[in-house]
Every structure is written in C-alpha cells, then in structure tokens.
Amino acid sequence: MRDDPRVDDRALLSRLRAGDAQAFEEMVIAYQHRVFGVALRMLGRRAEAEEVAQEAFLRAHRSVAGFRGDAKLSTWLYAITSRLCLNRLASAHHRRVRHDDEALARVADDAASATDHLERREREAAVHRAIAELGDERRLVIVLCDLEGLTYEEIAGALELPVGTVRSRLHRARMELREKLEKAL
Amino acid sequence: MTCADARERFSDLVDDRLAAADRITLDAHLGGCAACRRELKRFRATVALVRSIEPARAPAGFVDRVTAAARPRPWWRRVADGAFFPLPIKLPIEAAAILLVGVGVAYLFQRTPELQQQARVETPAITQEAPREAPADQPAAPAAKPDMPRPFADAPEPPRVAEERRAIAKAPASPPPAATAPAAPEPLGATGAKREDAPGARANTDAVAPSRARDEAKELARPDARQRAAKLARPADVTASLRVASRPAAESALRELVTRHRGAVDAMRTEPGATVVEARIPRDEYASFAAGLAALGRSEPARETEADLPAEVRVTIRLE
C-alpha cells in the first residue's frame, strides 16, 4: 500500500484524540490525495469527490475518540470514504446524475495531462470508462485494491466484509474489466 | 484442475496470495493448457493497466478548506444548524409542528367558551322571563279548532295554582294592609270565587310571596311547565295595566276574579314596580271578567286584538 512512511499513525492518533488541531491538519495533508482519489474514482465528478472527501475528514475528526486504533489510520479513512461514496451513489439524486463519457474523459485527461501521450491518454480514458461502468461494489474493491494498493485484509476491514467476499468480488471485477477493455482497446 | 478452476485462481496468483500447493497445481495446468495461458496473460495485462493509472490528486486549497470546516463553530451557529438544517427535512417538520400547535390552541380556545356555557346552571330565568313568540307550527288561536271543548268549564285546576292555593290556605290570616285606595277589592277576596275549590280565606300575600316564587321555580322546572311556557309564548290577546293601591291585595283579588270566571292564572311574575299576571279566560266570561277587572283599579287603555277573541282569551295584566 502506498503509505506515507513519514506519518506515524500511533503518535498522530494520540494527538488527534487530545484535540490537537495541528495533528488534524497533518492527517489531512498526509491522506488528502488518497481519500480524494477514492471519492473521484467512485463518483466520477471532482466537485462531488471533494465534497465527500472533506466530509470524510470531518467525520474522522468528530469520531476519532471512538476509533480503537486496531487498524491503520489510512484504512479507517478509506472505510469512512467508502461508506460515504456508497451512500452518495445510492441516493436518488446520484442515480439521476450518472457517469457520462464526458466526465470520465475529464478524469482521464486530468490523470494523463502530465505525460501528454495520446495513446496513454486514450488508454487511461478507456480504463476509467470501464471502471465507471462496473457496479458500485465491484468498482470499490478495484479502486481500493488496484488503485490504492490496499490488501485483501485491509479492504475486508474497511468494508466490513469477509476476506473471501473481497477476493471473489475483486476477481469478478477484474474479469469484467478485461472484457470491457478488450472491446474498447 | 479444470480450466474454470484455474482461471478462478488468477487473482490470487496475480496478487501472490496462492498457497504453495495450489500454485503447483495451477502451474501444472497452465503448462498443459494454452487457452488458460492466454487468459492469464490477458488477465495480468488488465490488472497492470488498471494499476498504471496515475493517482488522483486533491485540488489546490483542499487542506485549508477542510481545516477551516473543522474549526469549532459558535454555539449559536451550532444551535441554528441543528434547528434548521438540513432544510428540506427540518423545515417541513417544524412548519408542521407549528401548524399542529396552532390548530390545537384554536381548538381549545373554541372549546373553552362552550365548556363554560355548559358549566352554567341550566335553569331558565324565572322572574324576568319575557313572553316568547309562539312556535310557527302552533296556531295562534284555538279558533282554528272549532270543536275544541271549553277548556276551563270542567278542566282541572293547574297544578301551580293548586299549590298556591294550598300555600295560601296554610298561611296564617293577618289583617289586610292599610286600605288607602277606595278600590281595594276586599269584598272579592273575602267572598272568594264561585268555584267549589276556590280559596276560602284571604291570604297574607306578603307571606305567600316568597313561597310563590319558590313554587314558580318548581313549576317552571317541570318538563310540562316548559311546554306550557312554549304555548304561552304567543302574544296575549288582551293586555291591560292597572294602577292599584296595594299590589298584594290586587294580586289576590285578581286571582279570585280569574277563578270566578273559570279562568286560570298561568304566570305571575314580579318586575320592578309592577306585578305581571298572565291568565286565560274563556271567551264567554271575558266581558264579565273585564268589568270585574275595572273594579280592581284604575286601568290604562287595554289592548285587544282586532280579530275576534279566541275561545281562550289570554290576558296579561300589569299591576302597578
């Protein structure tokens, strides 16, 4: 997993529980891209992803006293973010405003802008589109595992699922992606 | 191991989670199955492609916005947020609650006067009751029923009159009040009426008056008394005012006069400065009654209805 080795979870957690405002800012700085990334891959819109990511950090700030610390701080944040994304996706409003190719292309363009490689950009756009077409639950495990680098156990902890379910869901998602990408590319 | 079993283990293989024994079995299958080898190659490429996507980055200023939002809000802001937000949920609920409270208050307010009215004593006015209009469905005069028998020839005495008579009979005799007016109808009171059950002695009207009021109250409280009152609500056929020297004496004399002419006193009530007597006289006795009435006191012009008097003439006499 792409952990930031500079972040000491245990010390940070102690300071967060003590109400250290600086500790909260450090946590946001350390995990902002990961939390935002999950929200963006799940929701497909940057504004909505920022809204959900902000809410995830605020909820963590409010409920840090109840966090036992038996999991990584990042896993805990992923769990909060995942729950918020799934709730948002399940809302009636979001069902009316589904992903569209334009939004996915914008996400792909943002990701590939640094390389400015047409083929890469097209490939990434196809991957984003294929990921967006997955069901919500399959998309989430793909994002957490293949994009965010979580292990099966961390995903199981974050989503409160058995490891076997995570494994099965991930395999089905990858098989489905393979079919979609072979057609697209 | 079948091809399906082998392909089912591709994710474990790619993620290096395959147990050693399973890895050996899978490798053996892949060594002999070109199709599964091709599938595995495509599977690995897909996973690699997904993992190669550039990670997303939070927008500029994200940390500042989050830390600003996490700062403690003033207590009034927290109260306002708790009371009004989210608006789509809390506003309708609060509006409905206010409406419910308003409806409840209005309902109670409307109900309270009614309850207060119900708490009031349901006894009708006794001394100040004014004659009411007769019900529309009741004929104004018994003339519409020509075959109606003469009501007072052999009719039983009204109960109230009987009660008064008994009260009068029980009251101790006392000298009559000073007769300052020459028209004091003492002979009438002394001789009594022609009827068999006429009172035999003149009563002390002062002693009777309080008991009369009680009797009137009792009488009017009876259900049939209310019905009678409804019948009497129609305007009198004859009204007259008599100026008398002594109202008690005049009241007694008037009773005697009514009884002598086969009539009945329906009501007697006290008003400021006067006593009002309502009675019924058979038509054929009315002329004689009127003459006797003139003897009681100085009469004001009487009012008589233009139409022929009914078989039962209702008279209202005001003794002043």
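**Salt bridges and helix packing**

B:R243, B:R269, B:E271, B:E278, B:R318 and B:E320 are linked in a network of salt bridges (side-chain nitrogen of Lys or Arg within 4 Å of a carboxyl oxygen of Asp or Glu). The model is predicted, local features needing pLDDT of at least 70 and side-chain atom pairs pLDDT 80 or more, while totals for chains, interfaces and linings use all residues. Residues are numbered from 1 along each chain as written, chains are lettered from A and ligands numbered from 1 in written order, and side-chain values use heavy atoms, without hydrogens and water.

Q: How are α3(A) and α4(A) oriented to each other?
A: Helices (DSSP runs of H or I, at least four residues) α3 (residues 46-63) and α4 (residues 73-90) of chain A pack at about 130 degrees, with axes 9 Å apart. Angles under 35 degrees count as roughly parallel, over 145 as roughly antiparallel, 65 to 115 as roughly perpendicular and the rest as oblique. The two helices α3(A) and α4(A) are therefore oblique.

Q: Is A:E48 buried or exposed?
A: A:E48 forms a salt bridge with A:R88, the closest N and O atoms being 3.3 Å apart. This pair links helix α3 to helix α4 of chain A, 40 residues apart. Buried means under 20% relative accessible area, exposed over 50%, and partly exposed in between (1.4 Å probe, protein chains only). With a relative accessible area of 11%, A:E48 is buried.

Q: Which residue of chain A meets B:R65 in a salt bridge?
A: B:R65 lies in helix α5 (residues 62-70) of chain B, and its partner lies in helix α3 of chain A. The N to O distance is 2.6 Å, and the partner is A:E50.

Methods:
Axes fitted to C-alpha atoms, helices over the stretch in contact; angles between N-to-C directions.
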